[in-house]
Amino acid sequence: MEQRKNDIESYDDQQKWVLDSSLDSRGEIPVRARTGAWKAALFIIAIEFSERLSYFGISTSLVVYLTTILHQDLKMAVRNANYWSGVTTLMPLLGGFVADAYIGRYVTVLLATIIYLTGLILLTLSWFIPGLKPCHEEVCVEPRRAHEIAFFIAIYLISVGTGGHKPSLESFGADQFEDDHPEERKMKMSYFNWWSAGLCAGVLTAVTIVVYIEDHIGWGVAGIILTVVMATSLLVFLIGKPFYRYRAPSGSPLTPMLQVFVAAISKRHLPRPSDSSHLHELSRDEYSKGRLLSRTEKLKFLDKAAIIENPGSENAMAKKESPWKLATVTKVEELKLLINMIPIWFFTLAFGICATQSTTFFIKQAIIMDRHIGHSFIVPPSSMFALVALSMIIAVTVYEKTLVPLSRRITGKERGISILQRIGTGMVFSLLAMIIAALVERKRLDYTKQHHVPMNALWLAPQFIIIGVADAFTLVGLQEYFYDQVPDSMRSLGIGLYLSVVGAASFVNNLLMTVTDRLAENISGKSLFGKDLNSSRLDRFYWTLAALTAANICLFIFVARRYTYKSVQSSVVVADGGDDAETPSAPSTSKYM
(Lines give C-alpha, C1' and ligand atoms only; values in the text may rest on other atoms or scores of the structure.)
Protein backbone atom coordinates (compact mmCIF):
# COMPACT_ATOMS: atom_id res chain seq x y z
CA MET A 1 0.00 0.00 0.00
CA GLU A 2 2.70 2.50 1.01
CA GLN A 3 4.79 1.62 -2.07
CA ARG A 4 1.79 2.22 -4.30
CA LYS A 5 1.16 5.56 -2.60
CA ASN A 6 4.76 6.64 -3.22
CA ASP A 7 4.47 5.62 -6.88
CA ILE A 8 1.32 7.68 -7.23
CA GLU A 9 2.94 10.74 -5.68
CA SER A 10 5.96 10.36 -7.96
CA TYR A 11 3.68 10.69 -10.98
CA ASP A 12 2.05 13.79 -9.51
CA ASP A 13 -1.39 12.23 -9.81
CA GLN A 14 -2.85 13.72 -6.67
CA GLN A 15 -5.96 14.92 -8.46
CA LYS A 16 -6.90 11.35 -9.35
CA TRP A 17 -6.15 9.65 -6.01
CA VAL A 18 -7.08 10.49 -2.40
CA LEU A 19 -3.82 10.48 -0.40
CA ASP A 20 -5.03 11.17 3.16
CA SER A 21 -4.74 7.59 4.51
CA SER A 22 -8.32 6.80 3.42
CA LEU A 23 -9.25 3.47 1.84
CA ASP A 24 -12.09 2.45 -0.45
CA SER A 25 -14.47 -0.47 0.13
CA ARG A 26 -11.88 -2.89 -1.33
CA GLY A 27 -9.07 -1.68 0.96
CA GLU A 28 -7.30 0.25 -1.83
CA ILE A 29 -6.35 3.91 -2.18
CA PRO A 30 -9.59 5.66 -3.23
CA VAL A 31 -10.11 7.10 -6.71
CA ARG A 32 -11.30 10.67 -6.17
CA ALA A 33 -13.90 10.67 -8.97
CA ARG A 34 -15.58 7.47 -7.76
CA THR A 35 -15.63 7.90 -3.99
CA GLY A 36 -16.30 10.42 -1.28
CA ALA A 37 -17.29 14.09 -1.51
CA TRP A 38 -20.99 14.86 -1.99
CA LYS A 39 -21.78 11.57 -3.77
CA ALA A 40 -21.06 9.76 -0.49
CA ALA A 41 -22.01 12.51 1.97
CA LEU A 42 -25.57 12.74 0.61
CA PHE A 43 -26.18 9.10 1.58
CA ILE A 44 -24.98 9.91 5.09
CA ILE A 45 -27.05 13.11 5.40
CA ALA A 46 -30.13 11.14 4.31
CA ILE A 47 -29.49 8.62 7.10
CA GLU A 48 -29.12 11.42 9.63
CA PHE A 49 -32.54 12.70 8.52
CA SER A 50 -34.03 9.28 9.38
CA GLU A 51 -32.26 8.99 12.73
CA ARG A 52 -33.25 12.48 13.85
CA LEU A 53 -36.83 11.79 12.76
CA SER A 54 -36.89 8.82 15.16
CA TYR A 55 -35.02 10.56 17.97
CA PHE A 56 -37.09 13.75 18.03
CA GLY A 57 -40.30 11.81 17.51
CA ILE A 58 -39.54 10.47 20.98
CA SER A 59 -37.63 13.26 22.74
CA THR A 60 -39.99 16.18 22.04
CA SER A 61 -42.97 14.13 23.28
CA LEU A 62 -41.17 12.56 26.23
CA VAL A 63 -42.43 15.03 28.85
CA VAL A 64 -45.95 14.67 27.42
CA TYR A 65 -45.67 10.87 27.59
CA LEU A 66 -44.32 10.88 31.14
CA THR A 67 -47.07 13.18 32.43
CA THR A 68 -50.06 11.79 30.50
CA ILE A 69 -49.30 8.08 30.07
CA LEU A 70 -47.04 7.37 33.07
CA HIS A 71 -48.77 10.05 35.21
CA GLN A 72 -45.60 11.63 36.63
CA ASP A 73 -45.75 15.13 38.10
CA LEU A 74 -44.05 18.06 36.33
CA LYS A 75 -40.80 18.06 38.32
CA MET A 76 -40.31 14.29 38.06
CA ALA A 77 -41.15 14.25 34.33
CA VAL A 78 -38.73 17.06 33.49
CA ARG A 79 -35.96 15.43 35.55
CA ASN A 80 -36.49 12.05 33.89
CA ALA A 81 -36.46 13.72 30.48
CA ASN A 82 -33.23 15.53 31.37
CA TYR A 83 -31.62 12.34 32.69
CA TRP A 84 -32.46 10.52 29.46
CA SER A 85 -31.26 13.42 27.34
CA GLY A 86 -28.07 13.59 29.40
CA VAL A 87 -27.30 9.89 29.05
CA THR A 88 -28.16 9.97 25.34
CA THR A 89 -25.80 12.84 24.63
CA LEU A 90 -22.98 11.56 26.86
CA MET A 91 -22.97 8.04 25.39
CA PRO A 92 -21.33 9.35 22.17
CA LEU A 93 -18.11 9.82 24.17
CA LEU A 94 -17.94 6.04 24.56
CA GLY A 95 -19.19 5.38 21.03
CA GLY A 96 -16.71 7.81 19.50
CA PHE A 97 -13.81 6.30 21.47
CA VAL A 98 -14.68 2.75 20.36
CA ALA A 99 -15.05 3.87 16.73
CA ASP A 100 -11.72 5.72 16.63
CA ALA A 101 -9.72 3.18 18.59
CA TYR A 102 -11.00 -0.27 17.71
CA ILE A 103 -13.72 -1.01 15.14
CA GLY A 104 -13.91 2.01 12.84
CA ARG A 105 -16.75 4.41 12.08
CA TYR A 106 -18.56 2.38 9.45
CA VAL A 107 -18.86 -0.74 11.64
CA THR A 108 -19.84 1.37 14.66
CA VAL A 109 -22.72 2.92 12.72
CA LEU A 110 -23.95 -0.54 11.67
CA LEU A 111 -23.87 -1.96 15.22
CA ALA A 112 -25.39 1.18 16.73
CA THR A 113 -28.25 1.18 14.21
CA ILE A 114 -29.10 -2.45 15.13
CA ILE A 115 -29.23 -1.52 18.84
CA TYR A 116 -31.31 1.56 17.99
CA LEU A 117 -33.74 -0.61 15.99
CA THR A 118 -34.03 -3.04 18.93
CA GLY A 119 -35.09 -0.15 21.18
CA LEU A 120 -37.69 1.07 18.66
CA ILE A 121 -39.10 -2.43 18.22
CA LEU A 122 -39.45 -2.90 22.00
CA LEU A 123 -41.05 0.55 22.33
CA THR A 124 -43.57 -0.35 19.62
CA LEU A 125 -44.34 -3.80 21.05
CA SER A 126 -45.08 -2.23 24.45
CA TRP A 127 -48.25 -0.84 22.86
CA PHE A 128 -49.39 -4.04 21.14
CA ILE A 129 -48.44 -6.99 23.39
CA PRO A 130 -51.28 -7.31 25.95
CA GLY A 131 -48.96 -7.90 28.89
CA LEU A 132 -46.93 -4.77 28.11
CA LYS A 133 -49.75 -2.33 27.33
CA PRO A 134 -50.01 0.70 29.67
CA CYS A 135 -53.45 -0.26 31.01
CA HIS A 136 -56.30 -2.75 30.85
CA GLU A 137 -59.02 -0.13 30.71
CA GLU A 138 -59.67 2.80 28.39
CA VAL A 139 -59.21 5.29 31.24
CA CYS A 140 -55.86 4.70 32.94
CA VAL A 141 -55.31 5.89 36.50
CA GLU A 142 -51.92 4.21 36.96
CA PRO A 143 -49.84 2.48 34.27
CA ARG A 144 -48.68 -1.11 34.50
CA ARG A 145 -45.26 -1.68 36.00
CA ALA A 146 -44.37 -3.95 33.07
CA HIS A 147 -45.06 -1.13 30.62
CA GLU A 148 -42.90 1.31 32.58
CA ILE A 149 -40.02 -1.18 32.63
CA ALA A 150 -40.33 -1.93 28.90
CA PHE A 151 -40.60 1.78 28.10
CA PHE A 152 -37.47 2.79 30.01
CA ILE A 153 -35.44 -0.18 28.69
CA ALA A 154 -36.50 0.78 25.16
CA ILE A 155 -35.58 4.46 25.38
CA TYR A 156 -32.23 3.68 27.02
CA LEU A 157 -31.45 1.15 24.28
CA ILE A 158 -32.07 4.07 21.92
CA SER A 159 -29.61 6.08 24.05
CA VAL A 160 -26.95 3.39 23.57
CA GLY A 161 -27.68 3.26 19.82
CA THR A 162 -27.43 7.03 19.55
CA GLY A 163 -24.12 6.85 21.40
CA GLY A 164 -22.54 4.91 18.55
CA HIS A 165 -24.59 6.25 15.67
CA LYS A 166 -24.30 10.01 16.19
CA PRO A 167 -20.53 10.63 16.54
CA SER A 168 -19.51 7.95 14.05
CA LEU A 169 -21.96 8.91 11.30
CA GLU A 170 -21.23 12.64 11.43
CA SER A 171 -17.44 12.20 11.44
CA PHE A 172 -17.73 9.46 8.80
CA GLY A 173 -19.52 12.00 6.59
CA ALA A 174 -16.83 14.62 7.13
CA ASP A 175 -14.18 11.99 6.31
CA GLN A 176 -15.52 11.93 2.74
CA PHE A 177 -13.74 15.25 2.07
CA GLU A 178 -9.94 15.48 1.90
CA ASP A 179 -8.49 18.32 3.98
CA ASP A 180 -5.51 18.94 1.70
CA HIS A 181 -7.53 19.15 -1.53
CA PRO A 182 -8.63 22.79 -2.09
CA GLU A 183 -12.02 22.02 -3.63
CA GLU A 184 -12.95 19.32 -1.14
CA ARG A 185 -11.79 21.50 1.75
CA LYS A 186 -14.34 24.15 0.75
CA MET A 187 -16.99 21.44 0.42
CA LYS A 188 -16.24 20.31 3.99
CA MET A 189 -16.83 23.84 5.27
CA SER A 190 -20.35 23.59 3.80
CA TYR A 191 -20.85 19.99 4.91
CA PHE A 192 -21.65 20.82 8.54
CA ASN A 193 -24.19 23.43 7.46
CA TRP A 194 -26.01 21.04 5.11
CA TRP A 195 -25.69 18.23 7.65
CA SER A 196 -27.58 20.46 10.09
CA ALA A 197 -30.15 21.34 7.44
CA GLY A 198 -30.82 17.61 6.86
CA LEU A 199 -30.96 17.10 10.61
CA CYS A 200 -33.50 19.89 10.98
CA ALA A 201 -35.61 18.50 8.15
CA GLY A 202 -35.84 15.25 10.14
CA VAL A 203 -36.70 17.19 13.30
CA LEU A 204 -39.36 19.20 11.46
CA THR A 205 -41.00 16.04 10.11
CA ALA A 206 -40.88 14.45 13.56
CA VAL A 207 -42.52 17.32 15.42
CA THR A 208 -45.27 17.77 12.84
CA ILE A 209 -46.26 14.46 11.26
CA VAL A 210 -44.99 11.98 13.88
CA VAL A 211 -46.17 14.04 16.83
CA TYR A 212 -49.60 14.49 15.21
CA ILE A 213 -49.88 10.70 14.82
CA GLU A 214 -48.87 10.21 18.47
CA ASP A 215 -51.45 12.74 19.59
CA HIS A 216 -54.39 11.80 17.37
CA ILE A 217 -53.92 8.19 16.19
CA GLY A 218 -51.74 6.41 18.73
CA TRP A 219 -48.25 5.99 20.12
CA GLY A 220 -48.06 2.44 18.80
CA VAL A 221 -48.72 3.50 15.20
CA ALA A 222 -46.06 6.20 15.52
CA GLY A 223 -43.66 3.52 16.81
CA ILE A 224 -44.28 1.38 13.73
CA ILE A 225 -43.48 4.34 11.46
CA LEU A 226 -40.26 5.17 13.32
CA THR A 227 -39.14 1.54 13.23
CA VAL A 228 -39.76 1.25 9.48
CA VAL A 229 -37.93 4.52 8.82
CA MET A 230 -34.88 3.42 10.81
CA ALA A 231 -34.81 0.02 9.09
CA THR A 232 -34.97 1.80 5.72
CA SER A 233 -32.10 4.08 6.69
CA LEU A 234 -29.96 1.04 7.47
CA LEU A 235 -30.65 -0.31 3.98
CA VAL A 236 -29.75 3.07 2.42
CA PHE A 237 -26.49 3.13 4.40
CA LEU A 238 -25.54 -0.30 3.09
CA ILE A 239 -26.34 0.69 -0.52
CA GLY A 240 -23.82 3.54 -0.29
CA LYS A 241 -20.95 1.25 0.76
CA PRO A 242 -19.05 1.34 -2.62
CA PHE A 243 -18.98 5.15 -2.58
CA TYR A 244 -17.55 5.69 0.91
CA ARG A 245 -13.99 6.43 1.97
CA TYR A 246 -12.92 4.57 5.10
CA ARG A 247 -10.31 5.19 7.79
CA ALA A 248 -8.80 2.32 9.75
CA PRO A 249 -9.02 2.55 13.56
CA SER A 250 -5.72 3.74 15.02
CA GLY A 251 -5.79 2.23 18.51
CA SER A 252 -6.51 4.02 21.75
CA PRO A 253 -5.94 7.76 21.28
CA LEU A 254 -5.48 8.16 25.03
CA THR A 255 -2.27 6.12 25.27
CA PRO A 256 -0.14 8.61 23.24
CA MET A 257 -1.52 11.44 25.40
CA LEU A 258 -0.41 9.66 28.56
CA GLN A 259 2.99 8.92 26.99
CA VAL A 260 3.54 12.65 26.40
CA PHE A 261 2.76 13.43 30.06
CA VAL A 262 5.13 10.72 31.31
CA ALA A 263 7.94 11.78 28.94
CA ALA A 264 7.54 15.46 29.85
CA ILE A 265 7.64 14.73 33.58
CA SER A 266 10.71 12.50 33.21
CA LYS A 267 12.53 15.40 31.45
CA ARG A 268 11.18 18.16 33.68
CA HIS A 269 14.72 19.25 34.71
CA LEU A 270 15.87 19.80 31.12
CA PRO A 271 15.72 23.33 29.65
CA ARG A 272 13.20 23.82 26.85
CA PRO A 273 15.14 24.40 23.62
CA SER A 274 14.31 27.45 21.53
CA ASP A 275 15.44 25.65 18.38
CA SER A 276 12.79 23.22 17.07
CA SER A 277 15.52 21.09 15.50
CA HIS A 278 16.32 19.81 19.00
CA LEU A 279 12.82 18.37 19.24
CA HIS A 280 11.92 14.97 17.80
CA GLU A 281 9.59 14.80 14.80
CA LEU A 282 8.96 12.29 12.04
CA SER A 283 9.32 13.14 8.37
CA ARG A 284 6.23 13.18 6.19
CA ASP A 285 7.31 9.93 4.57
CA GLU A 286 7.52 8.27 8.00
CA TYR A 287 4.21 9.70 9.28
CA SER A 288 1.40 7.85 7.47
CA LYS A 289 -1.59 8.53 9.76
CA GLY A 290 -3.09 12.01 9.99
CA ARG A 291 -1.18 15.24 9.53
CA LEU A 292 1.96 16.68 11.12
CA LEU A 293 1.41 19.60 13.47
CA SER A 294 3.63 22.64 13.98
CA ARG A 295 5.07 23.62 17.34
CA THR A 296 3.13 26.26 19.29
CA GLU A 297 4.13 28.45 22.22
CA LYS A 298 1.45 27.40 24.71
CA LEU A 299 1.85 24.77 27.46
CA LYS A 300 5.61 24.88 26.90
CA PHE A 301 6.33 22.35 29.63
CA LEU A 302 4.92 19.57 27.43
CA ASP A 303 7.51 20.35 24.72
CA LYS A 304 10.08 18.66 26.96
CA ALA A 305 8.56 15.30 26.01
CA ALA A 306 10.05 15.77 22.50
CA ILE A 307 13.55 16.84 23.60
CA ILE A 308 16.33 14.74 22.05
CA GLU A 309 18.78 14.17 24.89
CA ASN A 310 21.73 13.13 22.67
CA PRO A 311 21.90 15.53 19.70
CA GLY A 312 23.82 14.23 16.72
CA SER A 313 22.27 10.78 16.77
CA GLU A 314 18.64 11.82 16.39
CA ASN A 315 17.53 9.12 13.98
CA ALA A 316 19.17 6.29 15.89
CA MET A 317 17.78 7.57 19.17
CA ALA A 318 14.28 8.00 17.78
CA LYS A 319 14.15 4.41 16.58
CA LYS A 320 15.38 2.94 19.86
CA GLU A 321 13.77 5.29 22.38
CA SER A 322 10.55 4.18 24.07
CA PRO A 323 7.51 6.38 23.31
CA TRP A 324 7.17 6.75 27.08
CA LYS A 325 10.50 8.62 27.08
CA LEU A 326 10.47 10.45 23.73
CA ALA A 327 7.40 11.84 21.93
CA THR A 328 7.10 13.59 18.59
CA VAL A 329 6.18 17.28 18.29
CA THR A 330 2.90 16.22 16.66
CA LYS A 331 1.92 14.05 19.64
CA VAL A 332 2.80 16.89 22.02
CA GLU A 333 0.68 19.34 20.02
CA GLU A 334 -2.23 16.89 19.94
CA LEU A 335 -2.23 16.79 23.73
CA LYS A 336 -2.11 20.60 23.81
CA LEU A 337 -5.17 20.69 21.54
CA LEU A 338 -7.19 18.59 23.98
CA ILE A 339 -6.10 20.63 27.00
CA ASN A 340 -6.95 23.90 25.24
CA MET A 341 -10.43 22.56 24.47
CA ILE A 342 -11.37 22.12 28.14
CA PRO A 343 -12.28 25.77 28.87
CA ILE A 344 -14.14 26.08 25.54
CA TRP A 345 -16.17 22.96 26.40
CA PHE A 346 -16.88 24.24 29.92
CA PHE A 347 -18.03 27.70 28.85
CA THR A 348 -20.49 26.30 26.31
CA LEU A 349 -22.42 24.43 29.02
CA ALA A 350 -24.56 27.50 29.74
CA PHE A 351 -25.73 27.47 26.13
CA GLY A 352 -26.53 23.75 26.46
CA ILE A 353 -28.70 24.48 29.50
CA CYS A 354 -30.66 27.09 27.53
CA ALA A 355 -31.05 24.68 24.60
CA THR A 356 -32.53 21.94 26.80
CA GLN A 357 -35.45 24.20 27.76
CA SER A 358 -36.88 23.95 24.24
CA THR A 359 -37.69 20.24 24.67
CA THR A 360 -38.79 20.40 28.32
CA PHE A 361 -40.26 23.55 29.85
CA PHE A 362 -41.07 25.22 26.51
CA ILE A 363 -43.15 22.16 25.53
CA LYS A 364 -44.79 22.00 28.97
CA GLN A 365 -45.80 25.66 28.59
CA ALA A 366 -47.40 24.84 25.24
CA ILE A 367 -49.45 22.02 26.82
CA ILE A 368 -51.43 24.38 29.06
CA MET A 369 -51.85 27.19 26.52
CA ASP A 370 -54.49 27.67 23.83
CA ARG A 371 -53.25 25.86 20.71
CA HIS A 372 -56.41 26.11 18.59
CA ILE A 373 -56.19 26.97 14.90
CA GLY A 374 -59.73 27.74 13.84
CA HIS A 375 -62.52 26.02 15.74
CA SER A 376 -61.54 22.37 15.45
CA PHE A 377 -57.80 21.84 14.89
CA ILE A 378 -55.51 21.79 17.95
CA VAL A 379 -51.75 21.92 17.40
CA PRO A 380 -49.97 19.13 19.35
CA PRO A 381 -47.76 20.75 22.01
CA SER A 382 -44.60 19.02 20.76
CA SER A 383 -45.23 20.44 17.28
CA MET A 384 -44.27 23.86 18.64
CA PHE A 385 -40.70 22.59 18.36
CA ALA A 386 -41.17 22.82 14.58
CA LEU A 387 -40.48 26.54 14.98
CA VAL A 388 -36.98 25.69 16.26
CA ALA A 389 -36.31 23.41 13.31
CA LEU A 390 -37.70 25.88 10.75
CA SER A 391 -35.77 28.83 12.12
CA MET A 392 -32.59 26.74 12.25
CA ILE A 393 -32.99 25.64 8.61
CA ILE A 394 -33.57 29.25 7.51
CA ALA A 395 -30.69 30.58 9.63
CA VAL A 396 -28.25 27.93 8.36
CA THR A 397 -29.25 28.65 4.75
CA VAL A 398 -28.88 32.42 5.20
CA TYR A 399 -25.54 31.90 6.94
CA GLU A 400 -24.22 29.62 4.17
CA LYS A 401 -25.53 31.59 1.19
CA THR A 402 -25.34 35.18 2.42
CA LEU A 403 -23.30 35.72 5.59
CA VAL A 404 -20.32 33.53 4.66
CA PRO A 405 -19.74 35.13 1.20
CA LEU A 406 -20.23 38.59 2.70
CA SER A 407 -17.86 37.99 5.62
CA ARG A 408 -15.28 36.50 3.23
CA ARG A 409 -15.27 39.73 1.26
CA ILE A 410 -15.03 41.84 4.41
CA THR A 411 -12.37 39.80 6.24
CA GLY A 412 -10.56 38.25 3.28
CA LYS A 413 -10.56 34.91 5.10
CA GLU A 414 -11.70 31.61 3.62
CA ARG A 415 -14.09 30.77 6.46
CA GLY A 416 -15.47 34.28 6.82
CA ILE A 417 -15.85 34.48 10.59
CA SER A 418 -13.98 32.12 12.90
CA ILE A 419 -15.57 29.07 14.48
CA LEU A 420 -15.52 30.58 17.98
CA GLN A 421 -17.05 33.81 16.72
CA ARG A 422 -19.91 31.75 15.30
CA ILE A 423 -20.34 29.93 18.62
CA GLY A 424 -20.31 33.18 20.58
CA THR A 425 -22.95 34.74 18.30
CA GLY A 426 -25.31 31.85 19.06
CA MET A 427 -24.77 32.36 22.78
CA VAL A 428 -26.03 35.94 22.48
CA PHE A 429 -29.20 34.65 20.79
CA SER A 430 -29.69 32.09 23.59
CA LEU A 431 -29.47 34.93 26.14
CA LEU A 432 -32.15 36.82 24.22
CA ALA A 433 -34.34 33.68 24.12
CA MET A 434 -34.19 33.29 27.92
CA ILE A 435 -35.09 36.95 28.49
CA ILE A 436 -38.09 36.69 26.16
CA ALA A 437 -39.14 33.36 27.74
CA ALA A 438 -39.11 34.97 31.21
CA LEU A 439 -41.22 37.93 30.06
CA VAL A 440 -43.73 35.69 28.25
CA GLU A 441 -44.11 33.34 31.22
CA ARG A 442 -44.73 36.28 33.57
CA LYS A 443 -47.39 37.59 31.18
CA ARG A 444 -48.96 34.11 30.93
CA LEU A 445 -49.25 33.81 34.70
CA ASP A 446 -50.86 37.26 34.99
CA TYR A 447 -53.20 36.60 32.06
CA THR A 448 -54.34 33.23 33.43
CA LYS A 449 -54.93 34.70 36.90
CA GLN A 450 -56.87 37.66 35.53
CA HIS A 451 -58.97 36.01 32.80
CA HIS A 452 -59.12 32.39 34.05
CA VAL A 453 -58.50 31.11 30.50
CA PRO A 454 -55.25 29.98 28.88
CA MET A 455 -53.21 32.46 26.84
CA ASN A 456 -52.64 31.82 23.12
CA ALA A 457 -49.62 29.59 22.45
CA LEU A 458 -48.41 31.92 19.68
CA TRP A 459 -46.84 33.99 22.45
CA LEU A 460 -44.26 31.20 22.71
CA ALA A 461 -43.23 31.56 19.06
CA PRO A 462 -40.45 34.16 19.63
CA GLN A 463 -38.55 32.06 22.20
CA PHE A 464 -38.77 28.92 20.00
CA ILE A 465 -37.63 30.85 16.91
CA ILE A 466 -34.72 32.61 18.62
CA ILE A 467 -33.41 29.43 20.25
CA GLY A 468 -33.48 27.89 16.75
CA VAL A 469 -31.31 30.72 15.43
CA ALA A 470 -28.99 30.24 18.41
CA ASP A 471 -28.71 26.53 17.52
CA ALA A 472 -27.83 27.42 13.90
CA PHE A 473 -24.83 29.39 15.11
CA THR A 474 -23.65 27.60 18.25
CA LEU A 475 -24.60 23.94 17.72
CA VAL A 476 -23.33 23.87 14.13
CA GLY A 477 -20.24 25.79 15.22
CA LEU A 478 -19.59 23.28 18.02
CA GLN A 479 -19.88 20.38 15.57
CA GLU A 480 -17.29 21.96 13.31
CA TYR A 481 -15.05 23.02 16.18
CA PHE A 482 -14.82 19.64 17.91
CA TYR A 483 -14.39 17.74 14.64
CA ASP A 484 -11.81 20.18 13.27
CA GLN A 485 -9.70 20.87 16.34
CA VAL A 486 -9.24 17.39 17.83
CA PRO A 487 -6.34 15.22 16.64
CA ASP A 488 -7.09 13.55 13.31
CA SER A 489 -7.24 10.12 15.00
CA MET A 490 -9.96 11.27 17.43
CA ARG A 491 -12.61 12.80 15.19
CA SER A 492 -15.48 10.52 16.22
CA LEU A 493 -14.58 11.24 19.83
CA GLY A 494 -14.54 14.93 18.87
CA ILE A 495 -18.19 14.73 17.80
CA GLY A 496 -18.84 12.91 21.07
CA LEU A 497 -17.32 15.88 22.93
CA TYR A 498 -19.68 18.23 21.06
CA LEU A 499 -22.71 16.12 22.01
CA SER A 500 -21.49 15.86 25.60
CA VAL A 501 -22.00 19.62 25.96
CA VAL A 502 -25.75 19.09 25.70
CA GLY A 503 -25.59 15.90 27.78
CA ALA A 504 -23.65 17.45 30.65
CA ALA A 505 -25.87 20.53 30.43
CA SER A 506 -28.94 18.34 31.01
CA PHE A 507 -27.50 17.08 34.30
CA VAL A 508 -26.35 20.57 35.28
CA ASN A 509 -29.86 21.83 34.49
CA ASN A 510 -31.33 19.32 36.97
CA LEU A 511 -28.81 20.42 39.59
CA LEU A 512 -29.63 24.06 38.89
CA MET A 513 -33.35 23.35 39.27
CA THR A 514 -32.71 21.77 42.67
CA VAL A 515 -30.45 24.60 43.88
CA THR A 516 -32.72 27.43 42.73
CA ASP A 517 -35.78 25.65 44.14
CA ARG A 518 -34.20 25.30 47.58
CA LEU A 519 -32.97 28.89 47.55
CA ALA A 520 -36.48 30.09 46.66
CA GLU A 521 -37.99 28.03 49.50
CA ASN A 522 -35.44 29.41 51.99
CA ILE A 523 -35.98 33.01 50.88
CA SER A 524 -39.72 33.18 50.20
CA GLY A 525 -41.04 29.94 51.61
CA LYS A 526 -42.46 28.96 48.20
CA SER A 527 -41.09 26.48 45.68
CA LEU A 528 -40.25 27.59 42.13
CA PHE A 529 -41.66 24.34 40.74
CA GLY A 530 -45.14 23.31 41.83
CA LYS A 531 -47.27 20.42 40.66
CA ASP A 532 -48.11 22.35 37.50
CA LEU A 533 -46.90 25.50 35.75
CA ASN A 534 -49.69 27.70 37.13
CA SER A 535 -48.43 27.02 40.66
CA SER A 536 -44.77 27.47 39.61
CA ARG A 537 -42.57 30.51 39.00
CA LEU A 538 -40.83 29.37 35.83
CA ASP A 539 -40.18 33.01 34.86
CA ARG A 540 -37.73 33.36 37.77
CA PHE A 541 -35.89 30.23 36.63
CA TYR A 542 -35.60 31.74 33.12
CA TRP A 543 -34.21 34.97 34.61
CA THR A 544 -31.63 32.90 36.51
CA LEU A 545 -30.59 31.24 33.24
CA ALA A 546 -30.38 34.63 31.53
CA ALA A 547 -28.08 35.99 34.26
CA LEU A 548 -25.84 32.93 34.13
CA THR A 549 -25.69 33.06 30.33
CA ALA A 550 -24.74 36.76 30.33
CA ALA A 551 -21.90 36.12 32.78
CA ASN A 552 -20.84 33.06 30.81
CA ILE A 553 -20.64 35.01 27.53
CA CYS A 554 -18.13 37.41 29.10
CA LEU A 555 -15.96 34.52 30.27
CA PHE A 556 -16.26 32.76 26.90
CA ILE A 557 -15.03 35.88 25.08
CA PHE A 558 -12.07 36.13 27.47
CA VAL A 559 -11.08 32.50 26.79
CA ALA A 560 -11.79 32.62 23.04
CA ARG A 561 -9.59 35.67 22.48
CA ARG A 562 -6.65 33.72 23.89
CA TYR A 563 -7.33 30.49 22.05
CA THR A 564 -4.78 29.14 19.55
CA TYR A 565 -6.10 26.97 16.73
CA LYS A 566 -4.62 23.76 15.35
CA SER A 567 -1.47 24.46 13.34
CA VAL A 568 -1.04 21.92 10.54
CA GLN A 569 2.11 21.38 8.49
CA SER A 570 0.93 21.09 4.92
CA SER A 571 2.12 21.60 1.39
CA VAL A 572 -1.08 23.51 0.65
CA VAL A 573 -3.00 26.19 2.49
CA VAL A 574 -5.31 24.61 5.05
CA ALA A 575 -8.06 26.51 6.83
CA ASP A 576 -8.32 24.64 10.09
CA GLY A 577 -8.46 27.73 12.21
CA GLY A 578 -10.63 29.81 9.96
CA ASP A 579 -8.63 33.02 10.18
CA ASP A 580 -5.19 31.79 9.33
CA ALA A 581 -3.28 30.03 6.58
CA GLU A 582 -1.21 27.10 7.71
CA THR A 583 2.04 26.47 5.92
CA PRO A 584 5.00 24.15 6.49
CA SER A 585 7.36 26.95 7.36
CA ALA A 586 5.15 29.20 9.45
CA PRO A 587 2.91 27.66 12.09
CA SER A 588 -0.44 29.27 12.66
CA THR A 589 -1.05 30.78 16.06
CA SER A 590 -3.70 33.33 15.24
CA LYS A 591 -6.09 34.35 17.97
CA TYR A 592 -9.79 34.80 17.48
CA MET A 593 -12.63 37.07 18.50
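Author: A search of the whole structure, which is a predicted model, returns 7 cavities of 30 Å³ or more. The largest cavity holds about 540 Å³ of space. Its lining is made up of 34 residues, and those closest to the centre of this cavity are Arg 52, Tyr 55, Phe 56, Leu 475 and Val 502. Among the contributors to this lining, helix 4, spanning residues 74–103, gives the most, with 7 residues. By class, the lining of the largest cavity comprises 19 nonpolar, 12 polar and 3 charged residues.

The second largest cavity may be described in the same terms. About 150 Å³ of space lies within the second largest cavity. A set of 14 residues lines this cavity, and Ile 58, Tyr 65, Leu 123, Glu 214 and Trp 219 are the closest to its centre. Four elements, namely helix 2 (37–59), helix 3 (62–68), helix 5 (105–125) and helix 8 (219–239), each give two or more residues to the lining of the second largest cavity. Of these, helix 8 gives the most, with 4 residues. The lining of the second largest cavity divides into 9 nonpolar, 4 polar and 1 charged residues.

Notes
Residues numbered from 1 in each chain as written. Predicted model: local features only at pLDDT ≥ 70, side-chain atom pairs only at ≥ 80, totals over all residues. Heavy atoms only, no water. 1 Å grid on protein atoms, 1.4 Å probe; cavity = no way out; pocket = protein on both sides within 12 Å on 5 of 7 lines; lining within 4 Å. Points joined across faces, edges and corners; volume = space filled by probe spheres on them. Nonpolar A, V, L, I, M, F, W, Y, C, P; charged D, E, K, R; others polar.
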